[in-house]
Structure formats: C-alpha cells, structure tokens
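Dear colleague,

Please find below the sequence and structure that I am passing on to you. A summary of the findings follows.

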Amino acid sequence: MQLQGKPKGGEDNEEEDEAQEVATLLKRIKAAHPHPEILKVATREAKKLQRSNENHPGHAMARAYLETLADLPWNSFAMSRPGASNAALSSCSPKDQLGASSRNDGASQRQCHSPSLVARLDAPLDPALRSTGPFAGSGGSLEAARAMLDDQHHGLDKVKERIIQYLAVRRLRGWDAKAPILCFIGPPGVGKTSLARSIAAVLGRPFHRISLGGVRDEAEIRGHRRTYIGAMPGRIIQGLRRVGVRDPVILLDEVDKMNSDGLRGDPSAALLEVLDPEQNGAFVDTYLGVPFDLSQVIFVATGNRLSEIPAPLLDRLEVISLPGYTQDEKVHIAQKHLIPQLLEEHGLTERHLKFPQAILHHITRGYTREAGVRALNRSLAAISRHTAVDIVAAAESHGAEASNEQPSHGVVHELPTPADHDQHDVELPVDSTASALIEEPVSESEPEQEDQVPAESPGHQADLARAEALRQREWLLRSVTSMMEVDEELVETVLGPPKFTDADAEERIVSPGSAAGLVWTSVGGAVQYVECCCVSRGQAERQGRLMLTGQVGEVLEESARIALSWIRSHASQIQPMPSAADGRPPSDSMAGLPDSVAMGTAGATTGSNAAQSSGPESRAEAISAPGLEACAAQWDVHVHLPAGAVQKDGPSAGITLAAALASLFGERCARADTAMTGELTLRGLVLPVGGIKEKLLAAHQAGIKRVLVPRRTMRDVKADVPASVKEAMQILAVDRLEDVLRLAFDPPMLLQPTARL
C-alpha cells in the first residue's frame, strides 16, 4: 500500500505563513514607537524565530516573547492630552520618547518638548477631549470632579483633596505630571477598593486590580526568566498588557499580606523599584529584559495594618488612613449607596420596601458594631431577601389579590390604585433584545408555514428566556399594591435579638479589679476589658507573684509588670477613699482637678457603680490591716484579658492595667462609663499612643461616656475625631497616672502629697 504524502508546496506555504506572522508582529512593534534598543531586541528575536524550526523548544518561547512586546502599550495613553496624541509623540525622536527610561542614574524622566508641543500643552483643555481626558464625567472643572467624588463616597475628605490636588497640578504642569503613589490603610469595609475605582473614573483612566495577599514569590512582581518553561512577565506588566495603556490606575490590594519564604525572594523588595518615583521610569521586568516606563501609572496600595509593611517600602508610599465611620455616617451611606444597590440586586424598588432612618440607627447600634459597613450591608440584604420571599410567595399563592393581605411583620402602606399605578410606575431595566421580543407585533397577514419549523439558535432561546423572566418580574411588581416599611419586629424576626446593647459596659465592671481599655486592631478599634483577682494572700517574707493570661504578648506583659511596680512603689501614698482633710466632697469626682485636664463638658459626669453605694465609711473599713501597701506587696495577682483566643500585644494598655490593679488592691470599682488608653512608664508618665480615632469610634459605639487619653494625643482628637463623637463623649486629657486614678474612680482615688526638703 502506498502512503499519500503532503501536497506539493504545502511546507513552503506554512513557512510563508510563519514569515508573514512574524513580519506582522514586527510591524505592530514598530507602530508602537518603542525605544530603538527595544526595537533592536525585537528584530533580533524575530530573526531567531524565522531561522528556528517550529518543533524547537525555543520557538514557542520566542514567539510568545514577540507577542508580549507587540501587545505592550509603549506609547499608548488613556489620558487625552491637549494637542498631544500618539502621532505627535511619534514625531519626536525615539530617544526623547523614552527619556530617562534608558538611563540608570535615577534622574527624573525627560519628555519630548518640541516648541509646537509645548505651545499646545499650555493651551486650555479642549472641550471635545473632556469625555476621555482627566476630567471625564466631571465636566472639566475641579468643582465638578469634587462633586463626583462626593456623590460616590461619603466623608474621606483627605483622599478627595489629594485627587483634586493632582488634577490641579496636571492642569498646570501638563500631561507628564508625576503620578502619586497612594496607600490606603484602614479596617475592612471602609471603601478602600471602591475609592480606587472612583479615582480611575474621575481621572478617566482604566482600572486594574492586583491582589498581593499571600504572594511570596519575587517573580510575581518582577517576572520569570525566559529560560524557564511557562515563563511569563510579572503582574505589573501583565496588567499593563491587559488594559492596553501606559497610564492606568493599578490597585495593589492587601500589600501588607505579602510573605517571604527565603527561597523565592522577597516580593516586597521587588516592589521598591515599582513604587519608587525615581526608579520606575526604567522598570526592568526579568521576562522582558528591557526597561518599561511606569512613571505615568497611578499606583494605589491598600492594607489593614501599617506595621506589617516593611519600612523601605513604606517610605515610598503616601499613606492616607481610613479609620472607619461613625454611626451617623453609616446611616448616610446606607441611605445613599447600600439600599439603592440592594433593592436593584433583589429586584425591588423604593415603592415596595422602605428602611426608615430610625430603623437604620437601630441596626447599626444593635447588630453591626464594626468600623466598616460590610456587616450592615449583609443585614440589609437579609431583610431584602426576606421581603422578596414574601412578595413572590404571596403572588404565587393568591395572585394579585394576595398583596392586599396584611403581612405578619412590618408596617404596610397602601400604594396607588392599579389605574394610578400605570401613571406612576417605575421604569424597569429591560434588555433591548428582550424588549423587542415582548413588544414585537405579530403580523396576521403572513400565512402560517406548518411544514417549515425554523431551528432556534441558542442565542434566540436565551433571548426568549430573558423576555419571559421580564414578563414574570413585571407581573410580580405590578401585583404589589402595598409598601413594606421595616420596623423593629421585622428586624428581630430576620436578624434575631440585638447582639450589642448599651448595658454591656455596666455589666462588665461590677466588682473591684476590672477596668475598660481601648485597643487598636486590624479591623478597627475595640473595647478591651482587664480583669484582676487575688489568688493568694501571700506571705510576709516573699513578694507577691504576677500571672498573665489571655494570649498576651511580650510588650503587654512588660506593661503589666510596669503597672504593678508603680502601684507597689506608691502604695503608701495611695488613698483608696478621700479623707475629710482633702477639703472636697467625697462624691465629686471632678473636684480639685485642674481645668486643663478636662477637654469637653458634654456627656455624663456620673456613673458610680452599685458596688460603691455603701459609702466611704464602709469602704474604709473593708480595707483592713495590713492595708493597701501590704496587699500590693504580698498578694499573688492573676491578670486576665478576655477573649483568650485572640492574640493581644502592645503598650497602650499600660494605664488600664494600673487602674485595674489599683481597683483590686483598694477594693474599689472603677467607673463603668469610663475607658482609657495610654502607655505607662515607671515614673508614672502617660505616653501617647496611635489609633486614637479608631479607639474613640469604638468607645462611642460601645456606649462609653468618658474616655481618658494622653494629653499629647489631643491634637489628633481635635483634627481627626468627628464632631458628633466629641459632643457625645467626655474626652479627658491626662499627663500622669495620678490623673488617671483621680478620673477613673468616683469618688476619686488620690495620692497623699510627699514632703520635699
């Protein structure tokens, strides 16, 4: 039997097709106007590709490399520059196009500035370019851009002002203004990612997100060597290839969660070149082997913990903190953003479900004690799903008349009659194809062809399914003649009983040895209680022992030892109860204090516990011999921080630990409405701590009325804390631990003055 071979000339045709494809790739690379050195590299690779056989292992790698060079946006911009198009750039020499990208001295990028181009850059912005330029969607003015940001996000004034500043500098400097490198630090759910999307929308640039959580390979940033099988560029170059422009907005999400295993390099170190304005003009990806200009890219990094970002990388970032929202801000965000989005996602409208403002306050106060709005969004979504089930079930069971029946929960308001319903009906989002299928009239003049049954395509069947779904939704929404208004009974039916109440703080401090502190976590601030108890009276010949539990770290353990040492060294001076010689009423906790200690006058000034109602005489009798000094020296003390499964560390609990120990040794309860934060030294100084805004927001949500903070953090309180929080709480500044003991107890716990020679 004779085998049939290939037709004559078949191999020649394949070689001609291969040569034509390589020539097409070279033509695409030349059309992008890269640097001559890059064009030389591409030409050399193309010649290798033409000489090699397609079965050679390096053939596929060389072809993939040329395709990558052809797809990269060497001189393609999303920003429409006044009179400066890609054709204008192509008129410049390739050397001027690359500028400082070909230099390794770290100097700033040198752009092509011909006289005609400079004149066009100085001209005002062409109105025709505003739809695609840096003011896309904002009408071309800074006021419109600011209004666009305000419409999409509530608060966040610092971030908005930074974007407006960049727009103004770009108008003055030109299209080659240096792009900012921002870093949003804050707890989850405060809008870091959505804010980055809004920045891209205001600037009129494409948006690309790169998730860095769990990345532990340097090649993910810098790319792989081409000698490896399956080599590819790094994520930065891949993102630029995907968006097709050289000046997008790239989000580096979770930059604080990168890891390094010591074997595959450090990805955070690879980011140093990417995020350094003096170096990213000539970023060299290992896969490309040639420099690429990243100076026009706006990088936005996000993270939860600033301490987890390496110091060299943090030095290159412009950090903007997003601490969290107050209760009023959450309600505003829910009304303006969350509820309209949820109604649309669940197929409802404002005519069918209403969330009163009082109910939103009830949900945020009793069910969602967090810094962001994710838990609030989930709670509102649960109520929307419950309402959707009621609407569909009523329509399926009883038809259109079932909507007139009273539901088991919620407040029902009658809607207009069906006659008026058509006049005030809301517009439903109808697909154009499905709408045509619904409204297309059927011609009666055309004869029916029974013999011919046209085969329906899958696309046509999908259109019919969408049209049927739209008919069902329209019928369901028109059958509803009453509006459901959410009330507390419906909220409790869907979400259960409230998870948080204002009585939590009062119930936690009911006996001596407890105090409320404020801590910072990666998800926002929190109220951390400290509990102490005496496990043994000890012996006179030895010093009392200290035991710590609750997953405490080394820094927190040192803070506890410092607090105990201060209490022991000053035990002889501490007066558990004020004496008559002090010249002030025992029940007045603010008497005798300097005016500079208290900042505000709002909030409650009372708050004694029931355990203190026995009076000064009975309390003085409770402190029997050998007295507070002997108790502090001999007792074996156990200090516990609740939520033992959560790891805790940091110096900000120093004064809280001291107040709890003083409460235990003096057998007096601290004020239940008072929380505190501050680092303690052996001399009794109260040092400043961070995260003041997050801590005060957490105290406000927990129902705390009085907060003790270091005096040196009062400028942060005045600058960052919302006015509604400062008006609802009494924020008191302290310098020393003596001030803390006076303000944390009612009547105040004082120190006897010492004689000085």
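Two residues are said to be in contact when they have heavy atoms within 4.5 Å. The model is a predicted one, in which local features need pLDDT of at least 70 and side-chain atom pairs count only at pLDDT 80 or more, while totals for chains, interfaces and linings use all residues. Residues are numbered from 1 along each chain as its sequence is written, and side-chain values use heavy atoms, with hydrogens and water left out.

Thr-302 belongs to strand β6 (residues 298–303); strands (E, at least two residues) and helices (H or I, at least four) are DSSP runs, numbered from the N terminus. Thr-302 counts as buried because its relative accessibility is 0%, where buried means under 20% relative accessible area, exposed over 50% and partly exposed in between (1.4 Å probe, protein chains only).

For the protein overall, there are 29 helices and 21 strands. Buried residues make up 46% of the 757 residues.

A pocket is found on a 1 Å grid over the protein atoms alone, as an open set of points where a 1.4 Å probe fits, with protein on both sides within 12 Å along at least five of seven lines; lining residues have an atom within 4 Å of a point. Of the 35 residues that line the largest pocket, Arg-305, Val-519, Trp-520, Thr-521 and Asp-649 are the closest to its centre. The elements giving two or more residues to this lining are β11 (514–521), β12 (524–536) and α26 (692–701), and β12 gives the most, with five residues.

The "active site" annotation in UniProt covers Ser-652 and Lys-695. Although spread over 44 residues of sequence, they cluster in space, with a largest C-alpha distance of 10.9 Å. The lining of the largest pocket includes both Ser-652 and Lys-695. Ser-652 sits in the loop between β15 (636–640) and α25 (654–666) and counts as buried because its relative accessibility is 12%. Lys-695 is found in helix α26 and, at 2% relative accessibility, is also buried. Not counting residues up to four places away in sequence, Lys-695 touches Ser-652, and its other contacts include Leu-518, Val-519 and Trp-520.

UniProt places the "binding site" feature at Gly-186, Pro-187, Pro-188, Gly-189, Val-190, Gly-191, Lys-192 and Thr-193. Of these, Gly-186 and Pro-187 are included in the lining of the largest pocket. Val-190 lies in the loop between β1 and α9 and is buried, with a relative accessible area of 2%. Leaving aside its neighbours within four places in sequence, Val-190 is in contact with Leu-322, Gly-324, Tyr-325, Ala-371 and Gly-372.

Yours sincerely

Notes: UniProt positions renumbered as here; feature names shortened; annotations may be inferred.
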